[in-house]
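Here are my notes on the model, as numbered points. Please keep the structure open alongside them.

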Amino acid sequence: MRNSSPVLRSGLTVAAAAALPLALAAVPAAAGPGISVSTTGSTVSVTTSACTQINGSWGTASLLTSSQGSFAQGRQVTLSGTSTSQSAAWSNVTSGTYTVIVICSDGTTAGTQSVVVSPAASPTRSPSPSASPSRGVMGGVGGSATDYGTVTLVAGGTLVGTGLLATAWYLRRRNRPYRL
């Protein structure tokens, strides 16, 4: 048997360890802490702390729709702020999915992030109060809403009184024992 296989394996391990830093160097490093995107209604805003001011400019942010492919095609806004925080905002943004890209004034990309703008909530209709009748509900037997005169009311009262007397006479007569 030959003992070259442990040497070969250790040689491959050393070669892989040497190639790892080269492979990691080829991957672009993230520029700074990145960006933070938020939505409030139809307003989209972005904040970052990755940009530095050059010639009075912090950089530019762009809002791209799903059909736009480059930074220049989007709605661009100049970043404003301080050395600790820069921001930009877009108002009257329609509902949909957007991509926000921030490019600092030195040409580096601070970050890219997707955001979904929800459709505006439709106002709910509440029932409007209706005018109340000036004389109340006007309910009654049969839904009558006519104002009857005094004669009609006296005639109705007489009929009710007669009915009560007839009922009392009938019940009293019924309680008497039969006489032969």
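1. Asn92, a loop residue. Asn92 is exposed, because its relative accessible area is 65%. The classes are buried for under 20% relative accessible area, exposed for over 50%, and partly exposed in between, with a 1.4 Å probe and protein chains only. Asn92 sits in the loop between S6 and strand S7 (96–104). Its phi is positive, near 55°, and the residue is not glycine. Most residues other than glycine have a negative phi.

2. Basis of the model. This is a predicted model, in which local features need pLDDT of at least 70 and side-chain atom pairs count only at pLDDT 80 or more, while totals for chains, interfaces and linings use all residues. Residues are numbered from 1 along each chain as its sequence is written, and side-chain values use heavy atoms, with hydrogens and water left out.

3. Asn55, another positive phi. Asn55 has a phi of about 55°, again positive and again not in a glycine. Asn55 belongs to the loop between strand S2 (43–48) and strand S3 (59–65). Its relative accessible area is 81%, so Asn55 is exposed.

4. Overall layout. The protein has two helices and eight strands. Helices (H or I, at least four residues) and strands (E, at least two) are DSSP runs, numbered from the N terminus. The order from the N terminus is α-β-β-β-β-β-β-β-β-α. Of the 180 residues in the protein, 16% are buried.

5. Contacts along the chain. A contact means heavy atoms within 4.5 Å. Take the contacts between residues at least 6 apart in sequence: 50% of them join residues at least 24 apart.

6. Gln86 is in strand S6 (residues 86–90). Gln86 is buried, because its relative accessible area is 0%. Its side chain reaches the backbone oxygen of Thr82 at 2.7 Å. That is a polar contact, a pair of N or O atoms within 3.5 Å; within protein, one must be able to donate a hydrogen and the other to accept it, and residues adjacent in sequence count only if both atoms are side-chain atoms. Beyond four places in sequence, Gln86 touches residues including Thr48, Cys51, Trp58 and Leu79.

7. Thr48, two polar contacts. Thr48 lies in strand S2. At 5% relative accessibility, Thr48 is buried. A polar atom of its side chain is 2.8 Å from the backbone oxygen of Gly34. The Thr48 side chain also reaches the backbone nitrogen of Ala50 at 3.2 Å. Residues up to four places away aside, Thr48 touches Gly34, Ile35, Thr84, Ser85, Gln86, Val102 and Ala110.

8. Thr43, also in S2. Thr43 is found in strand S2. Its relative accessibility is 30%, so Thr43 counts as partly exposed. Thr43 and Ala89 are 46 residues apart along the chain, with 6.9 Å between their C-alpha atoms.

9. Val117, end of S8. Val117 is in strand S8 (residues 109–117). Val117 is buried because its relative accessibility is 4%. Val117 and Thr39 are 78 residues apart in sequence, but 6.7 Å apart in space, C-alpha to C-alpha. Neighbours within four places aside, the contacts of Val117 include Thr39, Val44, Val93 and Tyr98.

10. Helix H2. How many residues of H2 are buried? The number is zero of 26, so H2 lies largely in the open. The expected span is 1.5 Å times one less than the number of residues. For H2 that gives 38 Å, and the end C-alpha atoms are 38 Å apart, which agrees.

11. Trp169 is found in helix H2 (residues 150–175). Trp169 counts as exposed because its relative accessibility is 59%.
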